[in-house]
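Thanks for sending this over.

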Amino acid sequence: MHTLQSAPATRPALLQRAADFPILSRPVHGKRLAYLDNGATTQKPDAVIEAERGFYRHSNANIHRGVHWLSQHATELYDAARTSVQGLLNAASADEIVFTRGTTEAINLVAQSWGRPRLTVGDEILVTHMEHHSNIVPWQLLCEQTGAVLKVVPVEINGELDMLAFDGLLGERTRLVAITHVSNALGTVLPVAELTAKAHAAGAVVLVNGAQAVAHTTVNVQAIGCDFYAFSGHKLYGPTGIGALYGRRALLDAMPPWQGGGDMIHTVAFEHTTFAPSPQRFEAGTPNIAGAVGLGAAIEYVRGIGLERIAAHEHALLEQATAALADIRGLRLVGTAANKAGILSFLVDGIHPHDLGTILDSEGVAIRAGHHCAMPLMTRLGIPGTARASFALYNSPADIDALVAAIHKAQRMFGTRGA
């Protein structure tokens with residue numbers, strides 16, 4: 001990740017990849033589509049669309065069970081996708097990768113399979129004010145089930161984590177630290193390796209929500225040192241309904257299954273059932289095989305471009321957009337941390353974010369408006385929500401120009417100061 005205060009001396013050449021994404025060529029309301037809602041989901045390149053389509057056309061069969069060629073071929077594709085995830089995260093082994101429906105299911109898996117058997121009354125789970133609901137609600141449910149207590153690290157008004165408060169809340173009763181890598185609402189990049197080291201020194205296990213990180217920067221779970229890392233494929237130019245959980249092998253091997261069913265067993269008898277080793281024990285039933293194949297294709301696509309090149313491209317866009325929006329009278333940026341990813345949240349005087357989003361949509365500009373599944377953060381900042389523009393590898397300066405022009409139109413329509 002790059003910081004706004006340490007821009008490269010020479011601006012990197014911008015990527016020209018929009019042609020890889022067929023949906024970007026369709027007009028919206030008769031206007032060129034400027035898709036700036038990548039924090040919610042990214043669009044899919046032809047390589048991913050064709051990989052999933054090709055699986056159903058040429059390779060479809062159930063995995064791990066058949067002796068026929070097609071089943072073995074499908075299993076090879078599924079296993080290759082797991083290896084792609086291992087490479088993306090630099091996990092020590094493909095056996096440390098569990099396929100899930102996405103980040104939310106991965107976090108719930110850890111809560112119920114790792115947390116529920118271990119936590120007890122008075123144990124503490126530490127989260128931050130900037131967490132997505134998917135990294136809050138599962139821990140609330142776990143606390144209700146076990147008697148554990150949820151502790152919250154506050155965020156500064158500029159969107160940075162209060163590190164002194166983190167140190168003060170981390171204690172001998174802390175069993176788990178669950179933190180985001182990148183805030184989906186503010187773009188703040190947390191120092192996850194530093195936080196992980198502190199948590200481990202206190203004897204706590206660490207889960208990192210990487211949903212907003214994997215498509216935008218190189219992720220190395222061994223360098224971070226975290227115990228669990230979760231992400232969703234659809235934010236990485238991959239299909240919906242597929243994601244992954246990285247877990248340290250020793251932890252996964254000690255965790256009981258979360259769900260029971262086919263393909264996660266070793267032997268089944270009415271008297272007793274034994275389970276397959278990890279990761280298979282956590283993948284009950286027929287998985288999203290085509291989704292895994294599509295995710296593997298998405299990973300190979302971004303790695304083929306280069307995550308460092310993608311990060312530099314998005315940082316250049318972030319700089320341009322930050323400067324352009326800062327020049328609009330009546331517009332206030334929300335979240336100005338020094339270390340940010342390509343996400344800009346903002347408010348425009350006199351215009352509700354939902355109204356702003358609707359007007360921008362009429363101009364072909366797709367943004368997100370609302371609380372971004374981060375209601376506690378919005379409460380902390382004293383606002384109901386924001387408008388959010390988030391960047392991806394296919395965005396261009398023209399998209400920023402369209403965003404600025406559409407904001408000016410909204411101000412003229414509402415007769416606000418910036419008109």
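How many cavities of 30 Å³ or more does a search of the whole structure find? Two, and bear in mind that this is a predicted model.

1. Let me start with strand β15, residues 386–390. Five of its five residues are buried, so the strand is largely enclosed by the rest of the structure. Buried here means under 20% relative accessible area.

2. Look at which way the β15 residues point. Thr 386, Arg 388 and Ser 390 go one way, while Ala 387 and Ala 389 go the other. Both sets are buried, and that includes Arg 388.

3. Next, the neighbours in the sheet pairing. Strand β12 (residues 343–348) runs antiparallel to β15 and is joined to it by four bridges. If you want a spot to check on screen, Leu 344 has Ala 389 of β15 as its bridge partner.

4. Strand β14, residues 368–370, also pairs with β15. Again the two run antiparallel, this time with three bridges. Here Ala 369 sits opposite Ala 387 of β15.

5. Now back to the cavities. Ser 390, one of the β15 residues pointing the same way as Thr 386 and Arg 388, is in its lining. Ile 343, from the β12 range of residues 343–348, lines the second largest cavity too.

6. Which other residues line that cavity? Asn 38, Gly 39, Val 182, Gln 212, His 216, Glu 314, Ala 341, Gly 342 and Phe 391. By class, the lining has four nonpolar, six polar and one charged residues.

Definitions and conventions. Residues numbered from 1 in each chain as written. Predicted model: local features only at pLDDT ≥ 70, side-chain atom pairs only at ≥ 80, totals over all residues. Heavy atoms only, no water. Buried < 20%, exposed > 50% of the residue type's maximum accessible area, 1.4 Å probe, protein only. Pairing = 2+ DSSP bridges. 1 Å grid on protein atoms, 1.4 Å probe; cavity = no way out; pocket = protein on both sides within 12 Å on 5 of 7 lines; lining within 4 Å. Points joined across faces, edges and corners; volume = space filled by probe spheres on them. Nonpolar A, V, L, I, M, F, W, Y, C, P; charged D, E, K, R; others polar.
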